[in-house]
Amino acid sequence: MRYSKLLLPTLKEVPSEAETVSHQLLLRAGMIRKLASGIYDYLPLGLRVLRKVEAIVREEMNRAGAQEVLLPAVQPAELWQESGRWQVYGKELLRFRDRHDRDYCFGPTHEEVITDLVRRDVHSYRQLPLNLYQIQTKFRDEIRPRFGLIRGREFIMKDGYSFDVDETAADQTYEAMYDAYSRIFRRCGLRFKSVEADSGPIGGSFSHEFMVLAETGEDVVVSCIACDYAANLEKAEVVSAAETGNEAPAPLTKVHTPAVRTVAEIADFLKISPARILKTLLYETDQGVVAVLLRGDHEVNDVKLKNLLRVNELALAGEAVVRRETGADVGFAGPLGLQVPIYADQSLRGLANLAAGANEDEHHYTGVNLDRDVDVRQYADLRQITATDPCPRCGAALEFLRGIEVGHVFKLGYKYSQAMQATFLDANGQERPMFMGCYGIGVSRIVAAAIEQNHDADGIIFPVPLAPFHVLVIPIALQDEQTMTTAQTLYEDLTAAGLEVLFDDRDERPGVKFKDGDLLGIPFRVVLGPKTLAQNAAEVRDRRSRTMALLPLASLVNELRQRVQAGIQT
């Protein structure tokens, strides 16, 4: 490809709307352009990188025995109503009506559609297992799209779905997909970690996320320094040993606490540690109001709470609800006398003589003992894990890393097959629901994640397998006939050798070409000019190591082919 013929509008300045490195560099390198909030055009170079990712995904999915399909992006509401998700998915689901006033949505995912397809054509155990996938545009109406391709509203995703006769067979499929995902991310040249995760609105009993490790990642990964335990912050388990002691229960005492609302203010006023304060939070759910109790130095984990309560909607109660249920303003809520279900974090079990709101403005209680004073419906792990907590598997220390989620594998179980009657006849002629799995990869997100992990002050440093071109050829004396003839011949020979080459034939100063080359992240740069040609050589620069070498023209094609192959196979 000749640079002069390529639509490649690079930018010198950092776009003001770009928050992350990948967003900045994708815009500056002329790979994407914003059409609307969270919606982007892919320009030729950006599309080349995207297609590289897709090719790796396809090869590994096919290798694992999956079959590619392509399903409609527009989905009828009836299917979502069958599964029960039409009512609960939320505003991220883009709903609309056609000219006949029928309800549809633009698919954020395809569990319903794939289940409908399979239930109509698969009826016998002899047709299972079945593993289908697609690479397609999705739309989720994010409340605050950000970070360019990392969290857009429209994005390209590989979503796959498996159908097995039972969970034992599904475990084998899950393992095969887990292994395929690991190969995909290794082939993309990414440093990643697989972590235990919550299944979220898709549902399912068991799942793993694949996180690309990057300091700019929006997700937190909790990882043990000694064993292989890793989980995202939502899923990370807390092992809390019940505290016991000889402290006798103190009498319940009401204390006047004027203008004291926060945990820090209460601790300072009462001269106690925040760990001795009982924090009471009220939540509104689709099943009513509940109260959650935590230590003052802990924070609630909304995902754990939502899973415990088995609710679809969960939100911290507003001031009016708090006043209605407690009789006091926010900051003075406590568990005594509440008429709503009360759930407590397990770290509170065994603690004595705590301070808590008195459900009266400007008053708190001291000497609160849950076993004596409060009817706790259930103790459970309800809090965010902290850096001081031990590994729940081996007890060793934990480290907190930043990551970008690029893949997620789920064991869906019977959630959709039972709701939508996707059944088969087993060997005994009995009708049974299929056991399902779900496997997603953010194809466009991988492009951004790769840049977040591979860049420097000058631009992108693409891993060789994802680079839009393998080699950038730059002649630095366009008026010199020998230079241009040799550059053209080298370009043709490299292309014939199977390498992807960008020939910078622009009438620009060498410095401009070098800067653009660094910005684009092409792994190898070849510079030719009268001085190098006088030595029958060319200057070759490795983008990642920034090392340069003068290599003979006679062996240059073979040398570059070997370097590219080594980069692809790493």
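**Asp345 and its surroundings in a predicted model**

Leaving aside neighbours within four places in sequence, Asp345 touches Leu293, Leu294, His298, Tyr379, Ala380, Asp381, Leu382 and Arg383, where contact means heavy atoms within 4.5 Å. The model is predicted, so local features need pLDDT of at least 70 and side-chain atom pairs count only at pLDDT 80 or more, while totals for chains, interfaces and linings use all residues. Residues are numbered from 1 along each chain as its sequence is written, and side-chain values use heavy atoms, with hydrogens and water left out.

Asp345 lies in strand 17 (residues 342–345); helices (H or I, at least four residues) and strands (E, at least two) are DSSP runs, numbered from the N terminus. With a relative accessible area of 1%, Asp345 is buried (buried means under 20% relative accessible area, exposed over 50%, partly exposed in between, with a 1.4 Å probe and protein chains only). The side chains of Asp345 and Ser347 are joined by a polar contact of 2.5 Å. A polar atom of the Asp345 side chain also lies 3.4 Å from the backbone nitrogen of Arg383. A polar contact is a pair of N or O atoms within 3.5 Å; within protein, one must be able to donate a hydrogen and the other to accept it, and residues adjacent in sequence count only if both atoms are side-chain atoms.

At the N-terminal end, helix 7 is capped by Asn301, with a side-chain oxygen 3.0 Å from the backbone nitrogen of Val303. After helix 7 comes Arg310, which has a positive phi, near 55°.

Now to the aromatic rings. Tyr178, Tyr181, Phe185, Phe192 and Phe210 form one aromatic cluster. Rings of Phe, Tyr and Trp (its six-membered ring) pair if their centres lie within 6.5 Å; planes under 30 degrees apart count as stacked, over 60 as edge-to-face and the rest as tilted. The count by this rule is eleven aromatic pairs. Phe192 and Phe210 make a tilted pair, 6.3 Å centre to centre with 45° between the planes. This pair links distant parts of the chain, 18 residues apart, with Phe192 in strand 9 (residues 192–196) and Phe210 in strand 10 (residues 206–213). Phe192 is partly exposed at 22% relative accessibility, whereas Phe210 is buried with a relative accessible area of 0%.
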